[in-house]
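Hi,

Here is the structure I promised to pass on. Have a look at it first, and then read on for what turned up.

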2 protein chains.
Amino acid sequence: MNDTRDPNAPESAVETPDVVETQGVISPGFIAQVVGAVGDGDKPFLWRTVKELHPADVADLLEHLPPEAFRKAIHLLGKALPAEAVAELSDSARLEALHELTDAAVSSMIGHLDSDDASFLLSDLEEDRRDRILTRVSATDRAAIESALSFDEESAGRLMQRDFVAAPVFWTVGQAIDHMRTVKEDDLPETFFEIYIVDPAFRLQGSVPVSRLLRHGREKPLNEIMKETAVHVRPEMDQEEVAYLFRQYNLASAPVVDEAGRLTGMITIDDVVDVIQEEAEEDILALSGVSEAGVNQSVFSAVRARIPWLAVNLITAFFASAIVSLFAPVIDQVVALAFLMPVVAGLSGNAGSQALAVSVRAIAERDLEGPMIRRAIRREGLTALINGLIIAWSAALIVLAWFHSPTLSLVIGTSMTFTFCWAGMIGILAPLTLRRFGADPAVASSVFVLTSIDMASFFVFLGLASLVLL
Amino acid sequence: MNDTRDPNAPESAVETPDVVETQGVISPGFIAQVVGAVGDGDKPFLWRTVKELHPADVADLLEHLPPEAFRKAIHLLGKALPAEAVAELSDSARLEALHELTDAAVSSMIGHLDSDDASFLLSDLEEDRRDRILTRVSATDRAAIESALSFDEESAGRLMQRDFVAAPVFWTVGQAIDHMRTVKEDDLPETFFEIYIVDPAFRLQGSVPVSRLLRHGREKPLNEIMKETAVHVRPEMDQEEVAYLFRQYNLASAPVVDEAGRLTGMITIDDVVDVIQEEAEEDILALSGVSEAGVNQSVFSAVRARIPWLAVNLITAFFASAIVSLFAPVIDQVVALAFLMPVVAGLSGNAGSQALAVSVRAIAERDLEGPMIRRAIRREGLTALINGLIIAWSAALIVLAWFHSPTLSLVIGTSMTFTFCWAGMIGILAPLTLRRFGADPAVASSVFVLTSIDMASFFVFLGLASLVLL
């Protein structure tokens, strides 16, 4: 293989700017073209394409390739693959790309990344390969990466980068600017929005947004324009907590300090945006009983992500079924009950899902705290009662029109009013209880809530029917 | 009323820093204290509290007050209420606060805010009050706000602010810095992360991150260090699209340009973070059939947000019920079918919800585009088949053990395998179809998907049972 241009390459077909113009949406035609180039082993075309695209678009493009083309593309690109593009790949694609790349290629990528992205890249690798790669990077980078990896996954320590700008509290604006003009490019973060002011023991004193630094004359002492930082993130802090603080205080970046108040890193908004997105997604999926999903997920991992909840539900469904079986005599006598059972359970289940989604969201937003809890429970109770009355007695009217049985109509109206209230209450109380016991309200709630509503629906509806109709 | 300190105010009880220390979590004790102060009309305490807290925490605190205390607190605070705190309130609380404040108080707030927040605040007001308030603000502010309000809600035009820093393409670093040092504070945005480079017709040429500006000497021409901006946002662009671009390209801010390429505004990440959060929330709620939820939502608005979907479901539930009624003869003969119907429908419904959540998420993430669609449909189909086989035949075993009827066991196993596949397919095809017709996949999918699964489950299970058992 050689890296120089192949004179036979289909020069006329090179029209990559297409992608850039449509801002992130990669056209099927362009993907087909890239797949073709990969098949032909057309390195020059791939190298040029990758160079012209934003790394995030390179990642998108690679993810859109069929599995074999993906692997071959990574192989053909080798060191030409920008490190940032690899960092932007989805979890499974990133892992596969790293698998395809040589240790030399990976370690050269590591050198180009800020420490948070570098450790993120290495965190997925098996320990011995990680160690092999770390021996090839500079001692400073190695130390930063190893310290980042010592923190828990999903902690602030993993999100933070070691590259930041700090200035002593006695400096002036001019000294700070001169420092940034002279320091080696590699020793500064790629972008930063504030500089941190520290005392001689490197304890954080405050921060100066870069935009504020620019507005003051060179002679201005930094300690006159610095502000106290609104939040101090600790490296052990959960990433969800970090995301909350960024949202709450509209932050673009935040300093990370250790237990002694010493500045140890910086977290920037781009990483936090990913966390916010991730957490919201987790809640959506968890509420539907899916533990994980991804653009390039394999069938095997999709099955594994979904079967546990289905298995639990298989058991609980038969519990509900057992309750129905208790009432065989009344169903035998009035078969219409079998037609109406799903109406009672289905509608109450929906009312429960609604209450559950509202509550899980409110917990994630930290809106269910202190005195808000009682107010929210009251609201859910009243809402369930009102919706229950409206829906239950509409259903009763439909049943009256259908079966001409006032008794059956009364049974469905009464029991649905009750099961709606049950659904509303369990929909808020279950996630609150789970939170109290330290469990994730989104994950476990659905199973518990929906099963309990099914069971209550069958028991109340068929039980009342037995009392009245038998 | 007077604004000077009341000598009888409970001075000793003043311990606000509590809140700041716990970073955003407002303790019930502190809320009780504030409620007490509001009851006593203790203005000095309220004014001090508000001054010591971050505006976002002030908003949180106000939202945690009971409704009457909230209104009275707004009234007591009046002009002392920071504009930023009002902007941070939830929709309904903000509206109520604006209602409580005088025109004079609101117009003075408007003057303190960046134009995006100012127009956000005014967008909720009735037109004549808005006009009254606008007559009280400066002509520049009024023009900026009116032009922002001329764009659709949820468009980039509403998110963008008119305050930004632009420099002519022929300037040097030193000239740009001098300009920022001399310009009036009010004419600059509160924070900014990049300055925009424009030609004499104010057409955008590129941008220079502030952190890069600082690294270069005063003599350096800006056009040598500027980079092409990765994305050009148009004011008409949907906010969801804007959020996607910020996430895709890890942006902290982005310029907004009109159709002629002229720079008209800037969007910053803090507003985009709110959009990302909002859109994710909307999807969670929409998937459960809730149109709106909020921390201080009234029972009336909660009922209104949830009843439409319940009403649709009432109709669809009776459709499913009608299908069951077609099979009355077989249920009459084998009452066990009535016990097992909910098992088939419930488990298939869950498999459908899983596929739906995964697909809706993937659409929102733009992971379902071009060739990815076919791959995803294939994955959903295979996953549904495998999960279906596992769950359906486990259910068949349970039925065999329970009823000792191989026929009934075969009926449930076969029909559930089929309904699982149906659920998986409809779970991905319904949102894709809705998207093709321009509808929001999250909103309408649930109704359609779950009803169709219920109907398919009853029809296939009871139909097969009729064929085999009668």
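In what order do the three strands of the open sheet in chain A run? The order is β1-β2-β3, and the pairing in this open sheet is mixed. Before we go further, please keep in mind that this is a predicted model.

**The sheet in chain A**

From one strand to the next, the twist averages 30 degrees.

β1(A) and β2(A) are parallel and share three bridges. If you want to find that pair on screen, look for A:Pro168, which stands opposite A:Val198 in β2(A).

How do the strands connect? β1(A), helix α13 (residues 173-182) of chain A and β2(A) together make a β-α-β unit, and it is right-handed. β2(A) and β3(A), on the other hand, form a hairpin with five residues between them. In that turn, have a look at A:Phe202, which has a positive phi of about 65 degrees.

Why is β2(A) described as largely enclosed by the rest of the structure? Because five of its five residues are buried.

**The hairpin in chain B**

Strand β2 (residues 194-198) of chain B and strand β3 (residues 204-209) of chain B run antiparallel, joined by five bridges. One pair to click on is B:Tyr196, which stands opposite B:Ser207 in β3(B). There are five residues between the strands of this hairpin, and B:Phe202 takes a positive phi near 65 degrees.

**Two helices in chain B**

Next, go to helix α9 (residues 115-123) of chain B and helix α11 (residues 139-149) of chain B. Their axes come within 9 Å and cross at roughly 65 degrees, and the crossing of α9(B) and α11(B) is right-handed. From α9(B), the residues that meet α11(B) include B:Ser115, B:Asp116 and B:Leu122. Among their counterparts in α11(B) are B:Asp141, B:Ala144 and B:Ile145. Sorted by class, the contact of α9(B) with α11(B) has six nonpolar, three polar and two charged residues.

**Where the chains meet**

How many residues does each chain bring to the contact? Chain A gives 100 residues and chain B gives 99 residues. On the side of chain B that touches chain A, the largest share is 18 residues, from helix α20 (residues 336-364) of chain B. That side of chain B is made up of 61 nonpolar, 25 polar and 13 charged residues.

Helix α20 (residues 336-364) of chain A packs against α20(B) at an angle of about 40 degrees, and the axes are 10 Å apart. This crossing of α20(A) and α20(B) is right-handed. A:Ala338, A:Met341, A:Pro342 and A:Ala345 in α20(A) meet B:Ala338, B:Met341, B:Pro342 and B:Ala345 in α20(B). By class, the contact of α20(A) with α20(B) has eight nonpolar residues, no polar ones and no charged ones.

Is A:Thr383 buried or exposed? A:Thr383 is buried, because it has 29 other C-beta atoms within 10 Å, and 20 or more count as buried. You will find A:Thr383 in helix α21 (residues 371-403) of chain A. Leaving aside neighbours within four places in sequence, A:Thr383 is in contact with A:Gly424 and also with B:Val299, B:Ala302, B:Val303 and B:Arg306. A:Thr383 and A:Cys421 are 38 residues apart in sequence, and their C-alpha atoms are 8.5 Å apart.

Then try B:Asp91, in helix α7 (residues 91-100) of chain B. B:Asp91 has 12 C-beta neighbours inside 10 Å, so it counts as exposed. B:Asp91 and B:Gly438 are 347 residues apart along the chain, with 27 Å between their C-alpha atoms.

Cheers

Terms used:
Residues are numbered from 1 along each chain as its sequence is written. Chains are lettered from A and ligands numbered from 1 in the order in which they are written. This is a predicted model: local features need pLDDT of at least 70, side-chain atom pairs count only at pLDDT 80 or more; totals for chains, interfaces and linings use all residues. Two residues are in contact if their C-beta atoms, placed from the backbone, lie within 7 Å. Helices (H or I, at least four residues) and strands (E, at least two) are DSSP runs, numbered from the N terminus. Ala, Val, Leu, Ile, Met, Phe, Trp, Tyr, Cys and Pro count as nonpolar, Asp, Glu, Lys and Arg as charged, and the others, Gly among them, as polar. Two strands pair if DSSP finds at least two bridges between them. Axes are lines fitted to C-alpha atoms, for helices over the stretch in contact, and angles run from 0 to 180 degrees between N-to-C directions. A crossing is left-handed if the near helix is turned anticlockwise from the far one by less than a right angle, and right-handed if clockwise. A crossover is right-handed if, with the strands pointing away from the viewer, the path from the first strand over the helix to the second runs clockwise.
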